[in-house]
Amino acid sequence: MILIGRYLSPFVRRVAVSLQLAGLSYEHRALSTVDDLAEVKKLNPLGRVPALVLDDGEVLVDSNAILDHVDEMAGPSRALLPAAGKPRRQALQAVGLGLGVLEKGVAAVYERTKRPKELIHAPWRDQLDGQVKDGLAALERMLGDRTWFGGAKPNQADVTAVVGFDFLGRMLPGVVEKGAWPRLEALVRLADALPAFADTKPKA
Ligand SMILES: N[C@@H](CCC(=O)N[C@@H](CS)C(=O)NCC(=O)O)C(=O)O
């Protein structure tokens, strides 16, 4: 199978990390939605990444839908979302919060980078920044004193929190300031020691 998109995208990276943690091999095609838009659109009419091209040519888009299939391919012992009950509910809550923070962070980046300077709407930008900070604080509380959200080993809540926090620190350094979320920082350090995270980490 072929994973489409650059690891700079946290949505692409969460799929890449998940495939690697599940021990599934894939080819990586680092297409950009800016430079390779026409090619990306052949796979996803929205012109977004990630896309995952399966061996029979079927194309999956949207990281959540892709990860559902990754878990199915991985099987119950390696799936990154717990199968049922409270552990599954809790993991899905943390994933939902992590993705929400990421969406707000991406909107905050676009507010700064996609508009002419005089059209940046400061109250909206500040609201987005506040939502990012409040969401990270909630994630930090949710993690609490645990090493991983997943307990003894990383689950999908960890993958999403790590790639999301890493991305936001890189793209919004003035908002996601160093030292403000020590537990999430420790989670990233722990993850960086694993090949699945280290091999997909964008260069600084
Ligand atoms: N909900 C989607 C979001 C994917 C997404 O926003 N990808 C970004 C890359 S970080 C993208 O392709 N942006 C280009 C665009 O939306 O025009 C997912 O989880 O896969």
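**Figure 1. The lining of the largest pocket, sorted by residue class.** Nonpolar residues number 17 in the lining of the largest pocket, alongside eight polar and five charged ones. The model shown here is predicted. In total, 30 residues line this pocket. Nearest its centre lie Ser-9, Phe-11, Thr-33, Val-106 and Tyr-110. The space inside the largest pocket comes to about 1000 Å³.

**Figure 2. Helices that build the largest pocket.** Four helices each supply at least two lining residues: H1, H3 (63-74), H4 (85-113) and H6. Which helix gives the most to this lining? H4 does, with eight residues.

**Figure 3. The ligand and its shell.** The ligand sits in the largest pocket. Around the ligand are Ser-9, Phe-11, Thr-33, Arg-48, Val-49, Pro-50, Asp-62, Ser-63 and Tyr-110. Sorted by class, this shell has four nonpolar, three polar and two charged residues.

Figure 4. Look at Ser-63, Val-49 and Arg-48 in turn. A side-chain N or O atom of Ser-63 is 2.6 Å from an oxygen atom of the ligand. At Val-49 the backbone takes part: one of its N or O atoms lies 2.8 Å from a nitrogen atom of the ligand. The side chain of Arg-48 has an N or O atom 3.2 Å from a ligand oxygen atom. How much of the ligand's exposed area does the protein bury? Taken alone, the ligand exposes 510 Å², and the protein buries 75% of that.

**Figure 5. The largest cavity and its lining.** The structure holds two cavities of 30 Å³ or more. The largest cavity contains about 40 Å³ of space. Its lining is made up of Tyr-7, Leu-8, Ser-9, Pro-10, Arg-13, Val-163, Asp-166, Phe-167, Arg-170 and Pro-202. By class, six of these residues are nonpolar, one is polar and three are charged. Ser-9 belongs to this lining.

**Figure 6. Helices that line the largest cavity.** Helix H1 (10-21) and helix H6 (156-171) each supply at least two residues of the cavity lining. Which of the helices gives the most? H6 does, with four residues. Both H1 and H6 also supply at least two residues each to the lining of the largest pocket.

Key. Residues are numbered from 1 along each chain as its sequence is written. This is a predicted model: local features need pLDDT of at least 70, side-chain atom pairs count only at pLDDT 80 or more; totals for chains, interfaces and linings use all residues. Side-chain values use heavy atoms; hydrogens and water are left out. A residue is near a molecule or strand if one of its heavy atoms lies within 4 Å of it. A polar contact is a pair of N or O atoms within 3.5 Å; within protein, one must be able to donate a hydrogen and the other to accept it, and residues adjacent in sequence count only if both atoms are side-chain atoms. Accessible areas come from the Shrake-Rupley method with a 1.4 Å probe; for residues, only the protein chains shown count as cover. On a 1 Å grid over the protein atoms alone, a cavity is a set of points where a 1.4 Å probe fits but cannot get out, and a pocket is an open set with protein on both sides within 12 Å along at least five of seven lines; lining residues have an atom within 4 Å of a point. A molecule sits in a cavity or pocket if more than half of its atoms lie within 2 Å of its grid points. Ala, Val, Leu, Ile, Met, Phe, Trp, Tyr, Cys and Pro count as nonpolar, Asp, Glu, Lys and Arg as charged, and the others, Gly among them, as polar. Grid points are joined across faces, edges and corners, and a volume is the space filled by probe spheres set on the points.
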